[in-house]
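Please open the structure in your viewer and keep the selection tool at hand. The stops below say what to select next and what is there.

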Amino acid sequence: MATGRETASGSALQRASAQIVAVGAYVPPRVMTNDELAQIVDTSDEWIYSHTGIKARHVAADDVAASDLAVEAARRALDEARINPADVDLVLLATSTPDYPGLPATASIVQDHLGAERAGAMDLVAACSGFVYGLATASAFVDSGQAATVLVVGAEVYSTIINWADRNTCVLFGDGAGAAVVRRGTGGGIRDSVLHSVGSGAASLCRPAGGSREPCNVATDPDRTKLQMDGRQVYGFAVQAIIDTVEELLRRNGLSIADLDHVVAHQANVRIIDAACRRAGYPVEKFFKNIREYANTSAASIPIALSEMQTRGLLRPGHLVVTVGFGSGLAYGGNLIEWT
Ligand code: ACO
């Protein structure tokens, strides 16, 4: 699926008008190092770092839910944009770790806590691709005139759905949130988006129990409510998803990799990014990486990266940035953004 509006020549470059006017991020203060993890499962700092590029992750306190992280990140983005929460038309919250199982939407909790009294609110479940799907959705709402100001938030508390006894998965994830304010503007902005799904791979990364397929009951094995992953299958999918997404966005917009200033891929594993660069011949220095400090924060990883890049002065007006999300679903996709 392609959501950009193409011209006769196939380019969407002159049409889109939804802009990211501010970004913000929040991670819980508690840092858990690899060495600390090695005290609870059979692993080591050497194994985790050499296989993933991860050194540490932030972990939320027991009484902190996804909405709490989301509200902090959203407030930072709104403050940065100098926008009153009452002026937000729509809150889109990308999360696979909602405050409640299914209802109410965590977005509604965030809308209330922010004081975004005029805003509609909905959750968006596309796992680690959630923020990319959120930007595409926000862009469509703004471009169509349905909304003037959309808050897109990725917020995750994976520490609550990880099996802390499974070294294959528990070393990979962290908690955090990132947010972007999307508004109508002229020049630059979210130029194009592509969204895809390979649902045949759904079982390779899922929580088997707790939904309508396998409801929880007193006899449910608790491990079946936790995240399970076929790491090798997801790895192969992820490397190809990065390449396919970048290539499709470049082709649709008459660009080459040399035209891009930054690629911000979902931070799942540095080896996934490095393998995609090797296979496609991309310069790896164009790919931003901060997984070392945060691990995989799923839907939050791209907005956390954008916020860090903004703070460090790496994003300048006119920069062409491609985001790439990939993960459970198996959903993937990306956005082409001219930074404003
Ligand atoms: N510490 C020590 N040893 C470990 C650990 C660990 N934490 N985890 C696995 N191992 C062992 C395995 O048991 C195995 O041992 P064995 O050979 O005796 O059986 C050995 O290390 C090699 O295991 P592999 O699975 O082959 O390791 P691999 O090099 O493939 O790395 C990894 C595993 C990091 C999970 C990799 O496959 C990967 O990154 N996959 C993609 C994961 C991913 O990105 N998931 C998130 C997607 S986003 C979303 O939507 C949530």
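Select Arg-30 first: with a relative accessible area of 38% it is partly exposed, a word used for values between the limits for buried (under 20% relative accessible area) and exposed (over 50%), computed with a 1.4 Å probe on protein chains only. A salt bridge here is a side-chain nitrogen of Lys or Arg within 4 Å of a carboxyl oxygen of Asp or Glu. Side chains of opposite charge can pair when their charged atoms come close. The structure holds 10 salt bridges.

Before going on, note that this is a predicted model, in which local features need pLDDT of at least 70 and side-chain atom pairs count only at pLDDT 80 or more, whereas totals for chains, interfaces and linings use all residues. Residues are numbered from 1 along each chain as its sequence is written, and side-chain values use heavy atoms, with hydrogens and water left out.

Next, select Lys-55 and Asp-45, whose salt bridge has its closest N and O atoms 2.9 Å apart. Lys-55 sits in the loop between helix 2 and strand 3, and Asp-45, 10 residues apart from it, sits in helix 2; helices (H or I, at least four residues) and strands (E, at least two) are DSSP runs numbered from the N terminus. Lys-55 counts as partly exposed, at 26% relative accessibility.

Now move to helix 10, residues 301–311, where nine of the 11 residues are buried. Which elements do the buried residues of helix 10 pack against? They pack against strand 1 (18–26), helix 5 (130–143), strand 7 (175–184), strand 11 (262–265), helix 9 (291–294) and strand 12 (320–327), where contact means heavy atoms within 4.5 Å. Among the buried residues of this helix is Glu-308, which counts as buried because its relative accessibility is 19%. Glu-308 forms a salt bridge with Arg-312, with the closest N and O atoms 3.1 Å apart. Just after helix 10, look at Gly-313, which takes a positive phi of about 75°.

Then select Leu-69, which has its place in helix 3 (residues 66–81) and counts as buried at 1% relative accessibility. Leaving aside neighbours within four places in sequence, the contacts of Leu-69 include Tyr-26, Pro-28, Val-64 and Glu-156.

A further stop is Thr-169 in helix 6, which is buried, with a relative accessible area of 1%. The side chains of Thr-169 and Asp-166 are joined by a polar contact of 3.0 Å, a term for a pair of N or O atoms within 3.5 Å of which, within protein, one must be able to donate a hydrogen and the other to accept it, while residues adjacent in sequence count only if both atoms are side-chain atoms. Not counting residues up to four places away in sequence, Thr-169 touches Asn-163, Leu-227 and Met-229.

Finally, colour domain 1 (17–186) and domain 2 (191–338) separately, as the domain assignment gives them; such bounds come from an automatic or database domain assignment. In this pair, 45 residues of domain 1 are in contact with 41 residues of domain 2. Between domain 1 and domain 2 there are zero salt bridges, but the rule finds 21 residue pairs in polar contact across their interface, both residues being at pLDDT 80 or more. On the side of domain 1 that touches domain 2, the largest share, six residues, comes from helix 5.
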